[in-house]
Amino acid sequence: MDFLIQRLPLYLDGAWVTVQLTLGGSALAFVLAMFFGTMGTIRHWLPRAVATVYVEVFRGIAALVLMFWMAFALPQLSGFQLDDRFAAILALGLNVGAYGAEVVRSSINAVPRAQVEAAVALNFSWSQRMRLVVLPQAWAQMLPTFGNLVIELMKATAVVFLIGVVDLTAVAQQMRQSTGETVIAFVGAFVLYYLIAQVLILGMRLLERRANRKLGRTSPGGAGPLALLRPPAVDTRTGAGK
Amino acid sequence: MYWDFEWTFQVMPDLLRGLGVTVQVTVFGYLIALSLGLLIAVVRRTPVVGAVLHAAMEFIRTTPLVIQLVFVFLLAPSTVSGMTVGIIVIGVHYAAYTAEVYRSGIEGVAKGQWEAARALSLPSHRTWGAIVLPQAIRKVIPALGNYLIAMFKDTPLLIAIGVAELLTQAQRIGSASFRVVEAYTVVGFLFLLVSVPSAILIRRLERRYAAV
């Protein structure tokens, strides 16, 4: 125990990098997911095709392969060296964004047709229809899966030590090398990862509740602070986030 | 910077050997995930053991696979190969997911089916084997298929424990000859070559089983 307490600052530094990568990657993934997901619901074939290509390409290539490509191949190709952390965020964001785009697309398509028809009947423009009617309802539907994706993204950040970023996993390995204590060195990292995941789950659940409240619904998990502690839902339908 | 086709052709056999390792890990790992996940899903219904299993699975699901791989690899005796460690760790990691899939399938089986089995006083292994699981598993086949693709895309993580899979091979070849652009781009294409057709296949499966 002393071992970990003494070295806590080092672990926290690593954890902070992990959190930064998670937040940066999530922000990028979110923007890409909303953009390409909405694009996938447009009736004209061209934007739909562009969205499909984005989704299939960046979902089909493993995040780590993308990351290696950004970190090692891109500098040779363009002569421009990305910062390692930035390359990591870019690869994670592009990869998870592709999963997210599918979630956004299917959530928008799942909004009852009558809602869209009513908006058309009221002579709403496309952007009014999206902003005022469709997206608020689709949003509540997206959030649970987004929650899973954020956790998956956080877990995927652990590979960045392979391109030289010193994150929580890298710290655990350094600790092990300098002390020879494999179990304790790694337990410290495992616990921190678990805690980060729990905070993310809680945050996403709060967002979910807010979205449902705004639509005048109760969250599937029920109301009250205790409902926030229910175990995280695993998306069994799609295996999303992988 | 130009693309060296000749070089690309030369290293293709090495890369394809890497792909072979990747496929092996995926297949064996998936067999573990399928069988262990089913076992967990059934055992989870018992009171105390179930709660312990549930907590363990949540822990596995919320911590990164790569650090689990490195951790187990370091603790494993040196006689155990990285590939064996990789197969087992990936298999167990994904079992934590497939167990949830099976659980949703089992919970989706109508209550009347259980009651009918009871009414016929079927022994519990017959209830599970002949009534519940055939119905439960049929429904979750597409979801299980998704995890196969997911697992395939997680095999590059084995580079962390030095297994000669696709990405590791590309790194070795690429850095030896300074042709990393070709090496990593080909790896990307090989991934697409496998995952896009399998995604299409899963979508077909989904459509076929959705009606049931």
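## A buried leucine in chain B

At 15% relative accessibility, Leu192(B) counts as buried (buried is under 20% relative accessible area, exposed over 50%, partly exposed in between, with a 1.4 Å probe and protein chains only). Leu192(B) sits in helix H8 of chain B, residues 180–210. Helices here are DSSP runs of H or I with at least four residues, strands are runs of E with at least two, and both are numbered from the N terminus.

What does Leu192(B) contact, leaving aside its neighbours within four places in sequence? The list is Glu56(A), Val57(A), Gly60(A), Ile61(A) and Pro197(B). A contact means heavy atoms within 4.5 Å.

## Basis of the model

This is a predicted model, in which local features need pLDDT of at least 70 and side-chain atom pairs count only at pLDDT 80 or more, while totals for chains, interfaces and linings use all residues. Residues are numbered from 1 along each chain as its sequence is written, chains are lettered from A and ligands numbered from 1 in the order in which they are written, and side-chain values use heavy atoms, with hydrogens and water left out.

## Chain B as a whole

Chain B has eight helices and zero strands. Its elements run α-α-α-α-α-α-α-α from the N terminus on. The C-alpha trace spans about 75 × 40 × 25 Å along its principal axes. Of the 212 residues in chain B, 49% count as buried. Take the contacts in chain B with a separation of 6 or more: residues 24 or more positions apart account for 78% of them.

Chain B exposes about 10000 Å², and carbon and sulfur atoms supply 67% of that area. Accessible areas come from the Shrake-Rupley method with a 1.4 Å probe; for residues, only the protein chains shown count as cover. The chain carries 17 positive and 11 negative side chains. Lys and Arg count as positive, Asp and Glu as negative, and His and the chain ends are not counted. The centres of the two sets lie 14 Å apart, each charge being placed at NZ of Lys, CZ of Arg, CG of Asp or CD of Glu.

## The A–B interface

Chain A and chain B bury about 3900 Å² between them. Buried area is the accessible area (1.4 Å probe) that two parts lose on being put together, summed over both. Carbon and sulfur atoms hold 73% of it. Chain A gives 45 residues to the contact and chain B gives 47 residues.

How many salt bridges link chain A and chain B? The count is one, a salt bridge being a side-chain nitrogen of Lys or Arg within 4 Å of a carboxyl oxygen of Asp or Glu. Arg203(B) pairs with Glu56(A), with the closest N and O atoms 2.9 Å apart. Glu56(A) belongs to helix H2 of chain A, residues 45–60. Glu56(A) is buried, at a relative accessible area of 15%. Not counting residues up to four places away in sequence, Glu56(A) touches Leu192(B), Val196(B), Ala199(B) and Arg203(B).

Thr22(A) lies in helix H1, residues 2–39. Is Thr22(A) buried or exposed? Thr22(A) counts as buried because its relative accessibility is 2%. Beyond neighbours within four places in sequence, Thr22(A) contacts Val150(A), Leu153(A), Met154(A), Thr157(A) and Leu200(A).

Ile184(A) is in helix H8 of chain A, residues 182–214. Ile184(A) is partly exposed, with a relative accessible area of 28%. Ile184(A) and Leu4(A) are 180 residues apart in sequence, yet 7.5 Å apart in space, C-alpha to C-alpha. With neighbours within four places in sequence left aside, Ile184(A) is in contact with Phe3(A), Leu4(A) and Tyr11(A).
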